[in-house]
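Student: Could you take me through one part of this model closely? I would like to look at a single sheet and then at the chain contact.

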Amino acid sequence: MMRREPRTRSKAVSVAGFALLLCLVLAGPVWAATTIQLSWSPNTEPDLAGYRLRYGTSSGTYTQTLDVGRVTSSTISGLDSNLTYYFVLHAFDTSGNVSLPSNEASGKPKVVVGPAPTVSSVVEVASNSSYIMQSGRHTLRIVGTNFQSGAVAGLGADATAGATSLSGSTQLTLTVDIAATAALGPRTLTVTNPDTGSGSKASALTLVRTADINRDCMVDGADLNSIGRAWATTSSNPAYNSAADLDADGSVDGSDVAIFAEFFGLKLAVCP
Amino acid sequence: MKSTRYWLTARGAGILMGLAISALIWSCKGGGNDNSPVPCTTITFDAADAAPAAGDVFLSATGSTCSTVNVSVVINNLSGIFTVGFDLTFPSSVLQYDSYTVGPLLQKSSTIAPIVLVTPLSSGLQVAMTRLLTDGPVAATNNEVLITFQFSKKSAGTGMIDFNSSSSSTVTEEVLDENGQTRPASFGPGHGGSVVVP
């Protein structure tokens, strides 16, 4: 091992000064994660090789080590904005001698909120429509701006959203499970970036009853049969079939056929 | 001024005469006639179900030219027809789907036009048709046309047009009555046909 006991006499490598700056450093044009920037006064020993940062979330206990080279500042990223971090700095020379630690510096990173995301359009991928059916699993394509990797999207109650995948910063793909009892009607889609920036679109999608009326995982002629049999009926009519009233407006009519047509011919990945 | 006008008129007459002579030579060139019919071979569709039985749903050619072919879905002797669903495959390398025409069967005594959904795919069609509540079911007497699809030539070749009963199909081949019950209809195998595009 190259590491020796740190020298404590005049030849020893020492840390001349160490200061912690809590800074917000934009890592790119879109957003910045939680970071802390540290800087210190340079050593003057001619055989100085570099500096070693040690840090952790408890004073005096440093679980992370980072050799930062022969520099006088460093930015630590990927930190938890809810925690306080404690840092010490060591200098080491070309012979591998390591100094005693500097004074401990501590700080809490701040969160930088980048440009808020905007949502311009949302479609249910299988039907390429703005309808999403009760029950089952659906994939959504969300188009907008300023999306970040790891963004979370939601459709409100009884819609369990999975992880998003990002294409550029303008398109998110999302899988969402809709409960069989989810409330029908327009839904607001919200996108929240990891930096807490958030954007939403009201009435982005309309939740409708499943077009797979007979629940055989296929939207086909048998389901259209249910609509035909309940055609032009209202909820007071004995022939009315609420399952065929896809938009739940109390009548089986052209709007239900329009919704059905969007899903006709689909084999559902998850049966309703 | 007057002499100038006269000169222009004489020149115009010369040009007109030249054009007339050119047109005469052009029209007589080769002694042929541009309106002569060009011989061609019509597209043929050879239906596989030559002797349909009761309840058969099958394909039949109902007209073709050198560049188009009409293929009808026909039902033989079946009652209680309210809804029909099926999907077709066709050779997309030689034919292109253009349009459809609803046949008389589902429109019998209807007060409301039936709902017809036709979804064209890259090499197939998904179809669902239904009568509506107040009109009740209909019966096919002998052979009656449900719907006719118009295809046009894409390139020369051959292939099959048939109902898609493969595992990849996402539309069930079926005829349903006004109660949602399945009628005893048969979509094959052997209810399609082969097409030859010259």
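Tutor: Strand S3 (residues 48-56) of chain A pairs with S4(A) in the antiparallel sense over 5 bridges; strands here are DSSP runs (E, at least two residues; helices are H or I, at least four), numbered from the N terminus, and two strands pair if DSSP finds at least two bridges between them. This is a predicted model, in which local features need pLDDT of at least 70 and side-chain atom pairs count only at pLDDT 80 or more, while totals for chains, interfaces and linings use all residues. Residues are numbered from 1 along each chain as its sequence is written, and chains are lettered from A and ligands numbered from 1 in the order in which they are written.

Within S4(A), A:Thr65 stands opposite A:Arg54. The open sheet has 4 strands in the order S4-S3-S6-S7 (chain A), with antiparallel pairing. Strand S4 (64-69) and strand S7 (105-107) of chain A are at the edges with a single partner strand each, so one side of each lacks a neighbour in the sheet.

Now for the contact between the chains. Chain B and chain A each give 20 residues to it, where two residues are in contact if their C-beta atoms, placed from the backbone, lie within 7 Å. On the side of chain B that touches chain A, strand S4 (83-89), strand S6 (115-120), strand S7 (124-130) and strand S10 (174-176) of chain B are the elements giving two or more residues. Chain B has 1 helix and 11 strands, in the pattern α-β-β-β-β-β-β-β-β-β-β-β along the sequence.
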